[in-house]
Every structure is written in structure tokens, then in C-alpha cells.
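Reader: Hello! Could you walk me through some side-chain contacts, please?

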Amino acid sequence: MTVLDVSPATAVRAAAGPDADLTDLLRRVGGGDHDAFAALYDSTCERVFGMVQRVLRDPGYSEETTQEVYLQVWRSASAFDPAAGSALSWLITMAHRRAVDRVRSETASHRRTTEYGLASLRPEVDEVSDAVEIRARRREVRDGMDALTNLQRESVELAYFQGLTYREVADRLGIGLPAVKSRIRDGMRRLRTHLEPGHAA
């Protein structure tokens with residue numbers, strides 16, 4: 001997942017309509033007005049979702065992140081200062097930051113998962129192990145890969161041996177991100193089982 005060059009200022013300039021109504025709605029939301037919050041959401045949700053989706057490029061993540069944005073609006077509307085900028089600018093900037101944070105979070109999560117997966121496959125070779133043992137271990141890994149389904153093997157190879165992110169694997173295979181995560185998780189579990197001492201092929 002990569003951050004696209006979509007600036008909040010560009011999105012605000014592209015949006016039409018008076019800002020005075022949004023400023024009043026934000027003021028009322030800051031006071032806990034549920035009707036004002038509903039009106040604010042109806043007036044701005046398409047713009048906010050559009051900004052988030054241009055950054056994340058994933059409808060599911062975009063919907064979740066948009067919900068997070070409005071939760072943050074409800075909690076922090078009282079902090080909005082009209083003197084610092086327009087209400088729409090404040091809202092779009094918040095959406096952009098939340099989307100970028102989501103990208104960074106997903107990237108870090110994938111990196112941790114990849115490092116853990118590689119570490120779990122790393123053979124425990126002591127100082128006296130020779131080349132024959134190393135070759136045997138590599139053969140076990142290859143045999144373990146052969147034990148995976150074609151879908152699992154393809155996903156694991158792209159993620160761990162070609163270094164693609166989950167999102168890149170999903171794009172490469174033309175399938176959804178949840179399906180890729182499930183394939184890789186099941187494939188790694190099956191591969192680790194195959195590599196356990198005493199496992200019978």
C-alpha cells in the first residue's frame with residue numbers, strides 16, 4: 001500500500017459551496033448536537049470518502065477509515081477554530097491524515113508479519129552444521145511449498161520470496177485483500193507444520 005500524492009488543499013479547492021453552514025454545523029457538533037452531526041455527515045461524506053479512497057484505493061479500508069474520521073470529528077469538533085481555516089479544509093485535512101496513518105499502519109503490520117514469517121522458516125543451524133544439512137533444510141522447504149495448494153503457494157511466493165505487500169499480491173492475483181491474507185496465513189501454518197521435527201511427509 002502506497003500513499004498517493006493527493007493533497008487536502010487540492011480537494012478543498014475542488015469542492016464547491018459555502019463554508020458558513022459547515023462552520024455552524026461544526027460548532028453545534030462541538031456542543032453535542034446529534035442532528036447537526038447527521039447534517040454535517042450528509043453534507044460532507046462524499047468528499048471525505050473520496051479523499052480517503054484516493055489515498056487508500058481500497059473500498060473496504062476507505063469505508064472503515066471514513067467512519068474513523070467522523071468519530072474523530074464528533075470527539076474533537078469543539079477544537080475547530082474558524083480563524084485557522086475553513087471547516088471543509090479542517091475536515092479534509094483530518095481525512096487525509098487518517099488515511100495516511102492507515103497506510104503506514106498496514107505497511108508496518110505487513111513488515112512485522114513478513115519478518116515473523118521469515119524468522120519462523122529460518123533453520124536452526126548450529127556452528128558445526130555443514131553444507132549437506134543446509135541443502136537438506138532447503139529441500140524440506142521446497143517440499144513444504146509443494147505441499148501447499150496452488151493458490152497458497154502462489155500467494156506465499158509473491159509475499160515472502162518476491163517481497164510484495166499483501167495489497168500488491170492482491171493486485172497481482174486480481175483477488176480481494178482478505179482472501180490473500182487468508183491464503184498466506186493458512187499456507188504459512190501448513191508450511192511450518194511440514195517443517196516441524198518428526199513431521200512425516
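Author: Happy to. Trp74 is partly exposed, with a relative accessible area of 29% (buried means under 20%, exposed over 50% and partly exposed in between, with a 1.4 Å probe and protein chains only). This is a predicted model, where local features need pLDDT of at least 70, side-chain atom pairs count only at pLDDT 80 or more, and totals for chains, interfaces and linings use all residues. Residues are numbered from 1 along each chain as its sequence is written, and side-chain values use heavy atoms, leaving out hydrogens and water.

Reader: Thanks! How are the planes of Phe37 and Trp74 arranged: stacked, tilted or edge-to-face?

Author: Rings of Phe, Tyr and Trp (its six-membered ring) pair if their centres lie within 6.5 Å; planes under 30 degrees apart are stacked, over 60 edge-to-face, and the rest tilted. The centres of the Phe37 and Trp74 rings are 5.4 Å apart. Their planes stand at 75°, so the pair is edge-to-face.

Reader: Which residues do ring pairs link into a cluster?

Author: The whole structure has 4 aromatic pairs. The cluster linked by ring pairs consists of Phe37, Tyr41, Tyr70 and Trp74.

Reader: Is Phe80 buried or exposed?

Author: Phe80 pairs with Trp90 in a tilted arrangement, 5.4 Å centre to centre with 55° between the planes. Trp90 is partly exposed at 22% relative accessible area. For Phe80 the relative accessible area is 12%, so this residue is buried.

Reader: What is the distance from Arg153 to the nearest side chain of opposite charge?

Author: Arg153 is buried yet has no salt bridge (a side-chain nitrogen of Lys or Arg within 4 Å of a carboxyl oxygen of Asp or Glu). Lys and Arg count as positive and Asp and Glu as negative, while His and the chain ends are not counted.

Reader: How many residues apart are Asp58 and Arg167?

Author: Their side chains meet in a salt bridge of 2.3 Å, N to O. Asp58 sits in the loop between α3 and α4, and Arg167 in helix α8 (residues 166-173); helices are DSSP runs (H or I, at least four residues), numbered from the N terminus. The pair links distant parts of the chain, and the separation of Asp58 and Arg167 in residues is 109.

Reader: Which residue in helix α8 lies 4 residues from Arg167?

Author: That spacing is about one turn of the helix. The salt bridge here is 3.5 Å, N to O, and the partner of Arg167 is Asp171.

Terms used:
Helices (H or I, at least four residues) and strands (E, at least two) are DSSP runs, numbered from the N terminus.
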